[in-house]
Amino acid sequence: MRMRLAIAFLAVLALAGCGTSPQTRYFTLSVAAGPAKVRHAITAPVTVAAVHVTSSLDRSEMVRRTGANRVAISDKDRWTAPLGTMTRRVLSQDLAARLPPDMVVPAHLPVPPHATRIVVSITWFGPDASGRVRLDGGWSLLEGGAEKPALRGVISLKSGATAEGGDAQAAVMIRLLGRLAPRIAGSLAAKYV
């Protein structure tokens, strides 16, 4: 009898523990709201060929830097897709809004051999230790089949306000991508006028 009572008590404790786990929330990146202010003219089609994300961010959980050598990995806030894949899609759409129609080859379509390729490398994309969201890395422009970049740019963008929680983090990350697209479009326009 005592054994049955003990088993029943343990079962109740186990069920109570299951009811207290945090609910998982899923987030995605999308194009920043509002029309592009400037459409830059270019003469060669471009595609965002790749977005490489550092392996410490290449995970489904949202990551927040908590110190110089420390990060916190969320147990409840997750991405719906790999961060590099979402960033590539959003950046492609942002560039398409800032360049002439049909000059940006969407990420999901085959790339013509004469297209110019944009390759982005992200070293950090998320909140830093102060809670402000950063987008750090660089981008390169490769023409045709060339392996040597025709253009290079440094990415160093930071939000003005802190981002607490997954909702705020995703929203600020979208705004930072919206600031990156016009910089790349302006560099392309300066080269291909």
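Guide: Two strands are said to pair if DSSP finds at least two bridges between them, and the model to which we apply this is a predicted one. On that basis five strands form an open sheet of mixed pairing, in the order S5-S2-S6-S7-S8.

Visitor: What makes S5 and S8 the edge strands?
Guide: Strand S5 (104-105) and strand S8 (151-162) each pair on one side only.

Visitor: How do you know that S2 and S5 count as paired?
Guide: The criterion asks for at least two bridges, and two bridges join strand S2 (residues 46-53) to S5, so the pair qualifies, with the strands running parallel. In one of these bridges Val-46 has Val-104 of S5 as its partner.

Visitor: Which helix lies across S2 and S5?
Guide: Helix H2 (residues 83-98) does, and it also lies across strand S6 (116-127), running at about 150° to S2.

Visitor: How many cavities of 30 Å³ or more does a search of the whole structure find?
Guide: The search finds one, and about 40 Å³ of space lies in the largest cavity.

Visitor: Which residues line the largest cavity?
Guide: The lining consists of Leu-57, Glu-61, Val-63, Trp-79, Leu-83, Phe-125, Gln-169 and Met-173, and the elements that give two or more residues to it are strand S3 (61-67) and helix H3 (165-191).

How values were computed. Residues numbered from 1 in each chain as written. Predicted model: local features only at pLDDT ≥ 70, side-chain atom pairs only at ≥ 80, totals over all residues. Heavy atoms only, no water. Helix = DSSP H or I, 4+ residues; strand = E, 2+ residues; numbered from the N terminus. Contact = heavy atoms within 4.5 Å. Axes fitted to C-alpha atoms, helices over the stretch in contact; angles between N-to-C directions. 1 Å grid on protein atoms, 1.4 Å probe; cavity = no way out; pocket = protein on both sides within 12 Å on 5 of 7 lines; lining within 4 Å. Points joined across faces, edges and corners; volume = space filled by probe spheres on them.
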